[in-house]
Amino acid sequence: VSPPPDPYLPKDMPPVAYEPWTSLRKRDDVAKINPAFPYGPLPADFQLKVRQHYYSAMTYTDAMVGEVLAELDALGLSNRTIVTLIGDHGWALGEHTEWAKFNIFEVGTRVPMLVRIPGITDTNKGS
């Protein structure tokens with residue numbers, strides 16, 4: 001697991017653009033660290049643990065989606081089932097010192113949407 005790619009606050013950021021991850025600060029493990037409010041950094045080892053746990057959850061979710069798609073194949077439904085996955089923007093994971101969901105940086109405004117339509121989105125399958 002790597003550290004955040006851009007862990008620094010933008011130099012000219014207006015204070016209103018920053019959310020000091022108040023919800024995260026309520027967790028027992030974060031409260032024990034007691035980072036300075038509002039911009040206090042989390043210790044580097046703790047940052048890596050948070051990122052590792054988040055990626056672990058995403059890996060598990062990916063595996064569950066794989067099981068659903070495999071079951072569609074096993075039931076012979078893949079060729080007539082449209083699959084759509086929509087998520088939210090997830091957590092900032094330390095980008096710009098943000099550790100929550102409530103921010104207006106680009107990392108917090110992109111939302112994934114994946115669509116599989118039989119015969120349309122799978123035309124290059126196997127190539």
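I began with the largest pocket, whose volume comes to about 310 Å³. I then looked up its lining: 15 residues take part, and Met58, Thr61, Gly87, Pro112 and Leu114 are the closest to the pocket centre. I noted that α3 (44–74) and β1 (83–86) are the elements that give two or more residues to this lining. The largest share, 5 residues, belongs to α3. Sorting the lining of the largest pocket by class gave me 8 nonpolar, 4 polar and 3 charged residues. A reminder to myself: this is a predicted model.

Next I turned to the second largest pocket, which holds about 220 Å³ of space. Its lining includes Phe46, Lys49, Val50, His53 and Tyr54, and also Trp91 and Trp99. Here too I found that α3 supplies the largest share, 5 residues. By class I wrote down 7 nonpolar, 1 polar and 3 charged residues for the second largest pocket.

Then I stepped back to the chain as a whole. I counted 3 helices and 2 strands, and reading along the sequence I got the pattern α-α-α-β-β.

How does the radius of gyration of the chain stand against that of a compact globule of 127 residues? I found 19 Å for the chain, while the globule would be near 14 Å. The C-alpha trace spans about 55 × 30 × 25 Å along its principal axes.

Last, I checked burial and contacts. Of the 127 residues, 28% count as buried. The accessible surface is about 8900 Å², with 60% of it on carbon and sulfur atoms. Among contacts between residues at least 6 apart in sequence, I noted that 62% join residues at least 24 apart.

Methods. Residues numbered from 1 in each chain as written. Predicted model: local features only at pLDDT ≥ 70, side-chain atom pairs only at ≥ 80, totals over all residues. Heavy atoms only, no water. 1 Å grid on protein atoms, 1.4 Å probe; cavity = no way out; pocket = protein on both sides within 12 Å on 5 of 7 lines; lining within 4 Å. Points joined across faces, edges and corners; volume = space filled by probe spheres on them. Helix = DSSP H or I, 4+ residues; strand = E, 2+ residues; numbered from the N terminus. Nonpolar A, V, L, I, M, F, W, Y, C, P; charged D, E, K, R; others polar. Rg over C-alpha atoms; globule rule 2.2 N^0.38 Å. Buried < 20%, exposed > 50% of the residue type's maximum accessible area, 1.4 Å probe, protein only. Contact = heavy atoms within 4.5 Å. Areas by Shrake-Rupley, 256 points an atom, 1.4 Å probe, with all protein chains shown as cover.
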